[in-house]
There are 2 protein chains.
Amino acid sequence: MLKSPVWNPGGRMLGVLGGMGPLAGASFAYRLAQLTPARTDQEHIPVLLRNDPRIPDRSSSRLNGGTDPLPAMLEGMRFLERSGSDCIAIPCNTAHLWFDSLQSEVTVPVMHIVECVVEDLHRQGIRGGKIGIMGTPATLELGLYQQYLIQAGYDPVVPSQTEMQASCVPAISAVKANRVDAAFAPASHGIAALERRGAQAVVLGCTELPLAVPHHRRAEFGLVLTDSIDALALSVLERFYAPEAVVLAV
Amino acid sequence: MLKSPVWNPGGRMLGVLGGMGPLAGASFAYRLAQLTPARTDQEHIPVLLRNDPRIPDRSSSRLNGGTDPLPAMLEGMRFLERSGSDCIAIPCNTAHLWFDSLQSEVTVPVMHIVECVVEDLHRQGIRGGKIGIMGTPATLELGLYQQYLIQAGYDPVVPSQTEMQASCVPAISAVKANRVDAAFAPASHGIAALERRGAQAVVLGCTELPLAVPHHRRAEFGLVLTDSIDALALSVLERFYAPEAVVLAV
């Protein structure tokens, strides 16, 4: 398993392999700009976002033998490198099931979203204990987060099959269908179920989920939430700017 | 003055010359995805967003002899065309002061944001009368909106110099400095001043201004607001999908 290399702070442009989904890709670009300690346009990080939603569905491919998304993702990676990206971020958790192939396709460093979430848990003061994971069925069933969390000394807690069908699955589908408001109820149901099992923090481990649980409603939950979009953005910023300059997620 | 040509609906990808500012560029990509009548990722429009904030400031160049942003913008246009864009959108009103040069640089159609705002006024049922304009000093002083609105049969109303300094200028600067919450008060002051002069609708004619006046607070104003980010997104969608499928701005 490759580790995300450290980005050279002299780097010129961040490439973003988006479109998985398009709202998550755009939201990542938005949060990256919003979390940047900049006073003028010119102080922001140059970003090239390839928000191409034609990439076949990642979950269907892994779980139901659907069309393989890897060729389309590799084409995107090559395009971003060819266009001058010094580092690439992929705001889609499920896509990280193909991380090693994606990193091998390019010579520039690729950020790993799960490592960024672990960095965010540290940033929020959580260094051990039970961590709930929400994500797509493929992310959960193939253990993308579990292996990283165990390696980092955490105890991962996952939703049951029934909870998945009542929480993560409808919340993610609602965001993908542009019914963001309808996503809050199932997402909060999922968070509550993980809290009942002792989770002290819950990972919103699919880039649709942070859109389901808007920032202004996060204080309603009695536990720490780590948002994979913001975690990716903050880790990018820490590599580009001095870490002490980076503001915490609002 | 060139007119935006109609985009061939068979087009494959929308190029976006963003970064002016970066929050506005990302917000355009976000609103385009959010306003799209899609049920799955794959039904969205493929977008390539070049969110490069290194383009020199447009207002300073036009009003104070600052560095010319045109070479950087032309480089961006050529990049977007070379990368397969079938149509280009520029979510920055002030950049449209260079529209003819930008359109001449590429063979693909470029959407004109001011035409999109006029389309949005029609969409909202405003076909004549006094229209207030908010924007950067360069946009206002060089008459970007005024000429289009007069041509379309409207009576443009602009803020006084004092009102500009108390409303548009601080609201735009606050958004560019990532202090979005601090932008609401000056922006609403500007809207109220234009309403007092008889405007029945106000154009948020700088792509930072829609961020200053969030969607959930727009009902507080007793007049129609037209948002240049949403107007550009809706006009793109009308060219890509059948117009009747396009939802109105939420």
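Predicted model: local features only at pLDDT ≥ 70, side-chain atom pairs only at ≥ 80, totals over all residues.
Two salt bridges are counted between domain 1 of chain A and domain 2 of chain A. One salt bridge joins Glu238(A) to Arg123(A), with 3.2 Å between the closest N and O atoms. Distant parts of the chain are linked by this pair, since Arg123(A) belongs to helix α5 (residues 113-123) of chain A and Glu238(A) to helix α12 of chain A, 115 residues apart. Side chains of opposite charge can pair when their charged atoms come close.

The division of chain A gives domain 1 the residues 14-112 + 231-245, while domain 2 covers 114-228. Taken over C-alpha atoms, the centres of domain 1 of chain A and domain 2 of chain A lie 20 Å apart. To the contact, domain 1 of chain A brings 24 residues and domain 2 of chain A brings 29 residues. The two domains of chain A bury about 2,000 Å² between them, with 55% of that area on carbon and sulfur atoms. On the side of domain 1 of chain A, Asn93(A), His112(A) and Ala231(A) account for 34% of the area buried against domain 2 of chain A, more than any other three residues.

Polar contacts also run across this boundary: 18 residue pairs between domain 1 of chain A and domain 2 of chain A are in polar contact, with both residues at pLDDT 80 or more. On the domain 1 side of chain A, the elements that give two or more residues to the contact with domain 2 are α1 (22-35), α2 (58-64) and α12 (228-240) of chain A. Of these, α12(A) gives the most, with six residues. By class, the residues on this side of domain 1 of chain A comprise 11 nonpolar, eight polar and five charged.

Attention now passes to the two chains. Here 40 residues of chain A are in contact with 39 residues of chain B. About 3,100 Å² is buried between chain A and chain B, and carbon and sulfur atoms give 55% of this area. Within chain A, the residues that lose the most area to chain B are Tyr30(A), Asp41(A) and Arg54(A), which together make up 20% of what that side buries.

Four salt bridges are counted between chain A and chain B. A salt bridge brings together the side chains of Arg58(A) and Asp41(B), at 3.0 Å from N to O. Between chain A and chain B there are also 15 residue pairs in polar contact, both residues being at pLDDT 80 or more. The elements of chain A that give two or more residues to the side touching chain B are α1 and β2 (47-51). The most comes from α1(A), with nine residues. The side of chain A that touches chain B has 20 nonpolar, 11 polar and nine charged residues.

β2(A) pairs with strand β2 (residues 47-51) of chain B in the antiparallel sense, over five bridges. Within this pairing, Val47(A) has Asn51(B) in β2(B) as its bridge partner. Over all chains, the structure holds 30 salt bridges.

Definitions and conventions
Residues numbered from 1 in each chain as written. Chains lettered and ligands numbered in written order. Heavy atoms only, no water. Domains from an automatic or database assignment. Contact = heavy atoms within 4.5 Å. Buried area = accessible area lost by both parts, 1.4 Å probe. Polar contact = N/O pair within 3.5 Å; in protein donor to acceptor, adjacent residues only side chain to side chain. Helix = DSSP H or I, 4+ residues; strand = E, 2+ residues; numbered from the N terminus. Nonpolar A, V, L, I, M, F, W, Y, C, P; charged D, E, K, R; others polar. Pairing = 2+ DSSP bridges.
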